[in-house]
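Please read these notes with the model open beside you. Each point takes up one place in the fold.

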Amino acid sequence: MPAAAFVASGLVATAAAVAGQGAPAGDARTADASLAADARLFWLGATPEARAGARDRLLASGAPVDSLVAALEADPSFPGDVERGRLDRSIRTTDGRVHPYTLLIPEGYTPDRGWPVLVYLHGGIGRAEWTRPGEWWRDYERIADPERIVIVPASWRESMWWQESQIESLAAILARTGREYRIDRDRVHLIGISDGATGVYYHAARAATPWASFLAFIGHPAVLSNPRLGVEGQMYVTNLRNRPLFVVNGGRDRLYPTSSVEPFIRLFSENGVPLIYRPKPEAGHDLTWVGEEGARIDSFVVATPRDPLPDRLEWETEVSGGRFGWLVIDEVGHVEGESDLPGRNELTVDGESERYLAFPHRLASGRAVIEREGNVVRVRTDGVAAFRLLVSPREFDLSRPITVEVNGRVRHDERVEPSARTLLDRATADRDPRMLFVTDVVIDLRDPPDAP
């Protein structure tokens, strides 16, 4: 059914529900149908106006928050008459740039299940803006997958993989794809080749929330330590702990040989980053090894779904609002009583006694380590003045108090009230039905622990 028809049906159903207040209980079925229709339009509406209208009607419905959560979590019916094959498309980011990308939709696609997604970041990004659709990738047939949706976005000098514009672009592409095709949001993997692999490291350290895993082929994290290359934001090794990595480099690579990459691999491994490293001693800056590694790569992808709401997570950032999963660091700054979370940013080179900084940190940062057990959350912070926890009803029992202990002292121990507005505002921003939050627990460490 066209989106306009859903708008009309949603308005009619809402009007009927309002008109029927105080009428027999049969009208509850009308209200439920209205919520379901608007929830579907909220996720799948073809235009921003349609999605915003659905959001406003859901909020105005007065439905209990748990009913709204159930409606938003319900699997919407996707159309089956959609385009398949290679599709060349584009999105526009808030800075006005048009970001082209190519979709590869399997001919056997059906909307009866969620499809895994592979997003490929290409190399060779130091050129002018692309002028022909899809020209940033050489062989689409090679990466087409009958069991997965493949997305190949574009990068160039004005929007490199290691810039905020690409974080926004990839999020927008995933959101649009998820409106048109039934994708499995917990099986969306980011793969990069050469410059694209370097971009994979960047997204793993700066914007890991949407991704299940990261695969970096013949790239180098050291590129992200070069201030002349337009890298936006700072890199933190411990942020890589949150999602698994699969890394391949060649021993004879003229750009990024294993000898120069392995100090970083060693640093990552020593600091708890879950990774598989597959060096290829005879390979150059090429993919000649793909045949022998293909089965292992596929097994890694299949065996690595995303945990959208992990019980343990940590994040470090230099910016207000830095986020991973259900943690948002609102303000950076040192406070009394914080934990000692030592930096993990030094690497060693074989044959040398000197230690080197892996990534430059020119701005002060804050870091939080979180562990949740039931309704009890224990947090250690270093350089964090204020943070918030996003509360999912699928992780917390909202009938009981939520206890938040920070640096050994209880900072919150009471029940929280779910909010329909918070639920819909967060869902509008995230566009991810697997991550629905109904309220926040805000902790300001500049306040004394016993403050009301």
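1. Start at Ser194. Ser194 is buried, with a relative accessible area of 12%. Buried means under 20% relative accessible area, exposed means over 50%, and partly exposed lies in between, using a 1.4 Å probe and protein chains only. Ser194 sits in the loop between β5 (183-193) and α7 (195-206). Its phi is near 60 degrees, a positive value in a residue other than glycine. Helices (H or I, at least four residues) and strands (E, at least two) are DSSP runs, numbered from the N terminus.

2. A word on the source. This is a predicted model, in which local features need pLDDT of at least 70 and side-chain atom pairs count only at pLDDT 80 or more, while totals for chains, interfaces and linings use all residues. Residues are numbered from 1 along each chain as its sequence is written, and side-chain values use heavy atoms, with hydrogens and water left out.

3. Now look at Ile218. Is Ile218 buried or exposed? Ile218 is buried, with a relative accessible area of 3%. Ile218 is not a glycine, yet it has a positive phi of about 50 degrees. Its loop runs between β6 (213-217) and β7 (245-250).

4. Next, the sheet. In what order do the eight strands of the open sheet stand? The order is β1-β2-β4-β3-β5-β6-β7-β8, and the pairing is mixed. Two strands pair if DSSP finds at least two bridges between them. β1 (85-92) and β8 (275-280) are at the edges with a single partner strand each, so one side of each has no neighbour in the sheet. On average, neighbouring strands of this sheet are turned by 20 degrees against each other, direction ignored.

5. Follow β2 (residues 98-105). Seven of the eight residues of β2 are buried, so the strand is mostly covered. With β1, β2 pairs in the antiparallel sense over eight bridges. Here Arg92 stands opposite Val98 in β2. The hairpin of β1 and β2 has five residues between the strands, and Gly96 takes a positive phi near 90 degrees there. β2 also pairs with β4 (residues 149-153), again in the antiparallel sense, over four bridges. Leu103 has Ile151 in β4 as its bridge partner.

6. Move along to β6 and β7. These strands run parallel and are joined by four bridges. Phe217 has Val248 in β7 as its bridge partner. Helix α8 (residues 258-270) packs on the sheet and touches β7 and β8; its direction makes about 165 degrees with that of β8.

7. Check the pair α6 and α7. α6 and α7 pack at an angle of about 80 degrees, with their axes 11 Å apart. Axes are lines fitted to C-alpha atoms, for helices over the stretch in contact, and angles run from 0 to 180 degrees between N-to-C directions. α6 and α7 are therefore roughly perpendicular to each other. Angles of 65 to 115 degrees count as roughly perpendicular, under 35 as roughly parallel, over 145 as roughly antiparallel and the rest as oblique. Glu164, Gln166, Ile167 and Leu170 of α6 meet Tyr202, His203 and Arg206 of α7. Contact means heavy atoms within 4.5 Å. The residues of this contact divide into three nonpolar, two polar and two charged. Ala, Val, Leu, Ile, Met, Phe, Trp, Tyr, Cys and Pro count as nonpolar, Asp, Glu, Lys and Arg as charged, and the others, Gly among them, as polar.

8. Two residues of that contact deserve a look. Gln166 lies in helix α6 (residues 164-180). Gln166 is buried, with a relative accessible area of 0%. Arg206 lies in helix α7. Arg206 is buried as well, with a relative accessible area of 15%. Leaving out residues up to four places away in sequence, Arg206 touches several residues, among them Glu164, Glu232 and Trp315. Arg206 and Arg323 are 117 residues apart in sequence and 8.6 Å apart in space, C-alpha to C-alpha.

9. Finish with α3 (residues 48-60) and α10 (residues 420-430). Their axes come within 10 Å and cross at roughly 165 degrees. That makes α3 roughly antiparallel to α10. The contact involves Arg55, Leu58 and Leu59 of α3, with Ala420, Arg421, Leu424, Asp425 and Thr428 of α10. Its residues divide into four nonpolar, one polar and three charged.
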